[in-house]
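Please look over the structure below before reading the notes.

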Amino acid sequence: MAARGGRIRTSSNSIDPNEDPVAGLERVMSSSNLQDSARRRRRREDELLFSRQFDDSERTDSHEALSARYESLNYEVSENSLYREAEKKPYHQMTLWRISRNRWLVCFLIGVFTALVAAFIDIMVDYSKDIKFNWILKYLISKCGEEERGTTAGCMWTVMIAWIGYNCLLVAIAAMLVIYVAPIAGGSGIPQIKCYLNGIAIPEVVRLKTLISKAVGVACSVGGGLCAGKEGPMIHSGAVVGAGISQGKSYSLGIDFGVFREFRNDRERRDFVSAGAAAGVAAAFGAPIGGVLFSLEEGASFWNQNLTWRMFFSSMISTFTVNWILSWFNGRSGWLSWTGLANFGVFEDKEYNVWEIPLFLLIGVIGGVLGALFNYLNTRLTEYRKIYVSSKLGRLFECLLVAAVSGFLGFLTIFAVDDCQPIGVNPTATSNQINRMWCKKGEYSAVASLFFQNPEESVRSLFHSPINSFGATTLIIFSIEYFLLTLWTFGISVPSGLFIPALLSGAAWGRLFGIIVERLFPSITGIDPGKYALAGAAAQLGGIVRMTISLTAICMEATKDITFGLPIMLVLMVAKWVGDIFNEGLYDAHIDLAEVPILGWNPPKMSRNILADRVMRKDVVALERRERVSRIVEILRSTLHHGFPVVDRIEESPIESLPDYGRLKGYILRSQLFKLLENRIFVEDGSSSNLPADFYECQDDDEIGNVGGA
Amino acid sequence: MSSINFLRIVLLSILSFSTLSVTQLTLDTAPISDDPWDLDGPCQKYVEKLAIVQSEMVACATNWSIPPKVCTNCYSYYINFKQYEYETKHLDNVFSLDNRTCSQVIYDNYLLSYSSEISTALTNKIWEHSRCDSCIEINWNFPQNKSEPVFSDRTLQFQQRLYEWRNCVVNYTSGNVLEQDLTNGSKICNWCKTPFNELFGYYWKIYITPDEDFCVDVETTMNDTIHLWNDVWQCAERQDRDRDLAGIMITFSTLLLLTALFYAASYIQGGGQTRNLIRYSRLLTDPRGQRSRLLSSGMSDADLVHGSSSTSSLQYNVPVHQTR
């Protein structure tokens, strides 16, 4: 059945109710087989019923598509004779102890290297900011100041062009890294890591070149002023570090260090990837507990207690290392209370009252609704991109367009909103040169201070600025613009996270909410818009990604404050409930869009009584217990599957065109077939001297599938 | 430097009255030194002296609180106070009646040490919050009682420029500047624009440099000056937005056009490569040709060989599965 045909047929899915069903079916069907038609009619009626019940007619075919690019990872221990022999060896206990020790060692290294990546990103962003503000803009604006005394021609727009040009340059680097070097490095990476931990081999997701593209790319896209965060990519980077270190070799470089051979299988690597993701969160937010909980809540599908401890260890080491490096970089070496990449400041007056709880709940509801809206719109946009913006040049151009518009919108807002305030009112607004544009001498633009800071700094000033620092209009305009820009940015081909942009737009409308509350109840003192900004930020992010426990931990650890734990929990829970009424979390939506066959915790709705053989393909490539080498080679060449069932006989079926498979005897992996062929073991009792003597030395990882065609 | 000395003289004359009265007050309310029941009698006079220097500092700070200008005005009191605080902390040779040093008595003996609380407040809340170190650096020399204040260069430069501007304003107005009719403002604006621009330029250069700071004195002085200039005399030049309007509009329309064109063009161009959707749940009979020869092993060798030669290719067309 051709693709086009299939799509057209279901898009005109419903048979006209006024039409005779049989005639209608004949119109639709291509087969004239009577038996078939009866079956099809039955199924079609079922479907009709289904679609009537669920009003599901909106969904088009490609929604349910699953790509065949993805194969599974293999978590089974292959209990072959080598394995059994290894257990009998006298020093087996020692081997096990050594492996266990190495696991901790690897986790330590994961923490250290993840922190190095995080520090690298942070330092790059810092330098980029330095160049942007202190070299380009300082020079241009002071030049403008001199010129404007005499002339009448405007000069500020040259500053704007320079700003946009610089942003576009950096974003172009990020986009080219993603488009031409490692396509999988685009976006936040959390969906891919989630899939990987679920047991799906996403090609190239944990390669070194992905890590490099991701780290350099995210530094460029954040430095280039996109509405992007470095936290999501940090999680992906941590996961790559986890996978890379535990394997002790690199495909991208073609180097094999020959260490940690016992971890060269999917099962061990999965655990280290979980630890790496946790270390990534820990480094990004200075939140080791949040990191472990993130891996538990969002990432891992496979879990055990030992893993928890090792993850915690990785997170701890990662936090420690990143704090140390950054404190050294900022000239206060040894000052370990540095807070990771995202520093949200500390709340000074931390208290809330029981009558504020309904307000927090309301914020949760707003966050859930806005989050669901965000997910809906972003999903639509991503679908559009998937179909229509698929050429490399097109994607590059889109990135540049987003960069240019993001930069320009900041200027446009300062230009349009006359929000100049005298300097000295808000001590937390840092004194960037650019904030002065179009303001009188000695004033700065409050909007500009939001737009032209690093997003983390903007979040911080929304949380902690005095009550009069931002006008209501400023906040409305800023939150809407940032929401839309984030919507547009997430999904273009640059590494970009969602956490900070979502927190920022949430903090803006949360602060607005706080100001409104303050106006409504002027008699009650102690209303601080900062804490509503915090609640709004949590609600917005929770509404989009639908995480609860890990976000609570991350928010509390990033603000170093446990007092607002309860409001944050409330807000996140409510945001999740409200959001789940409308749609699923953004990461899940993106997994669906990537057509990854992820195995969720629950079967899809209404599928409990559908048997597996109705959904699975029937033309199974199976092996018999005795096979010709030529057939195996042929199979390995022309399929990408990671494993094949072994059956006792495959015979031509007299009735159907599919062969008659006998009984299932077992399962053989692609990698095992490769090993057998490589070592020329063609019969079972062939004692080949090529084989390694130790089980733990001969494990091989399964990315070998990519070599299949060669 | 002369201007600072001048300032100091003015200050001292202002403060002399208040200081005197405060001193009087301190002595009146002090406990009687020769209380026979007081073990700490010998230390009492040191506390009293500390009280005086503290209250001098407090008075000065409060006097200079609108606008806050503690650093440039109260540094002598601050030095005095810190000096005497140092001395009370090193009273190792003076003992109370139970043979403890007076330093111990003053700072460690009781539940609360008011004097130490006030000292901390003066040091942290007043002096350090005002970032005084950015304007005055004091070379402490406690043992010899010779601590020297050194005004930082940028403060002096700022002050010089401030006075230039003020002189300009005074020259062009007669008598009291602020009580004059404020409609005069526009004239002043034109006359004294250059000194103001220089003042502002100098201030702004330091203000935006990340690691350089002014103390609160300078900041508030400048803020008040800006306020006077901008809002009271209305001298501020409006940064004219209209001049940049054309540039902004051109950029705006270009970007809008590009965005619209890009998405429209990619929509018209249509959706990339065609996709190969297979619905396994609907497949009843035939698997596709490419794969069918892999299925059964009971085929002849010739068939296999033929198959491999014709279709073993790297371009394995990736199909897309469909669950429903």
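The points below are grouped by topic.

This is a predicted model, in which local features need pLDDT of at least 70, side-chain atom pairs count only at pLDDT 80 or more, and totals for chains, interfaces and linings use all residues. Residues are numbered from 1 along each chain as its sequence is written, chains are lettered from A and ligands numbered from 1 in the order in which they are written, and side-chain values use heavy atoms, with hydrogens and water left out.

**Helix 16 and helix 18 of chain A**

- Helix 16 (residues 455–464) of chain A and helix 18 (residues 499–520) of chain A have axes that come within 9 Å and cross at roughly 25°. Helices (H or I, at least four residues) and strands (E, at least two) are DSSP runs, numbered from the N terminus. Axes are lines fitted to C-alpha atoms, for helices over the stretch in contact, and angles run from 0 to 180 degrees between N-to-C directions.
- Helix 16 of chain A and helix 18 of chain A are therefore roughly parallel to each other (angles under 35 degrees).
- The crossing of helix 16 of chain A and helix 18 of chain A is left-handed, that is, the near helix is turned anticlockwise from the far one by less than a right angle.
- Residues of helix 16 of chain A in the contact (heavy atoms within 4.5 Å) include Pro455(A), Val459(A), Leu462(A) and Phe463(A). From helix 18 of chain A, the contact residues include Ile500(A), Leu503(A), Leu504(A) and Arg511(A).
- By class, this contact of helix 16 with helix 18 of chain A has nine nonpolar, two polar and two charged residues. Ala, Val, Leu, Ile, Met, Phe, Trp, Tyr, Cys and Pro count as nonpolar, Asp, Glu, Lys and Arg as charged, and the others, Gly among them, as polar.

**Helix 13 and helix 22 of chain A**

- Helix 13 (residues 357–388) of chain A packs with helix 22 (residues 586–593) of chain A at an angle of about 20°, and their axes are 10 Å apart.
- Helix 13 and helix 22 of chain A are therefore roughly parallel to each other, and their crossing is right-handed (the near helix is turned clockwise).
- Among the residues that meet are Phe374(A), Asn378(A) and Glu383(A) in helix 13 of chain A, and Leu586(A), Ala589(A) and His590(A) in helix 22 of chain A.
- The contact of helix 13 with helix 22 of chain A has four nonpolar, five polar and two charged residues.

**Sheet in chain A**

- Three strands of chain A form an open sheet in the order 8-9-12, with mixed pairing; two strands pair if DSSP finds at least two bridges between them.
- Strand 8 (623–624) and strand 12 (664–669) of chain A each have a single partner strand, so one side of each is left without a neighbour in the sheet.
- Helix 25 (residues 670–678) of chain A packs on the sheet, touching strand 8, strand 9 and strand 12 of chain A, and its direction makes about 75° with that of strand 12 of chain A.

**Loop residues**

- Glu595(A) is not a glycine but has a positive phi of about 60°. Glu595(A) counts as buried at 6% relative accessibility (under 20% relative accessible area, 1.4 Å probe, protein chains only).
- Asn99(B) has a positive phi near 70°. At 62% relative accessibility, Asn99(B) counts as exposed (over 50%).
- The peptide bond from Ile66(B) to Pro67(B) is cis, with omega near -10°, and Pro67(B) lies in the loop between helix 2 (44–63) and helix 3 (70–89) of chain B.

Key
Parallel < 35°, antiparallel > 145°, perpendicular 65-115°, else oblique.
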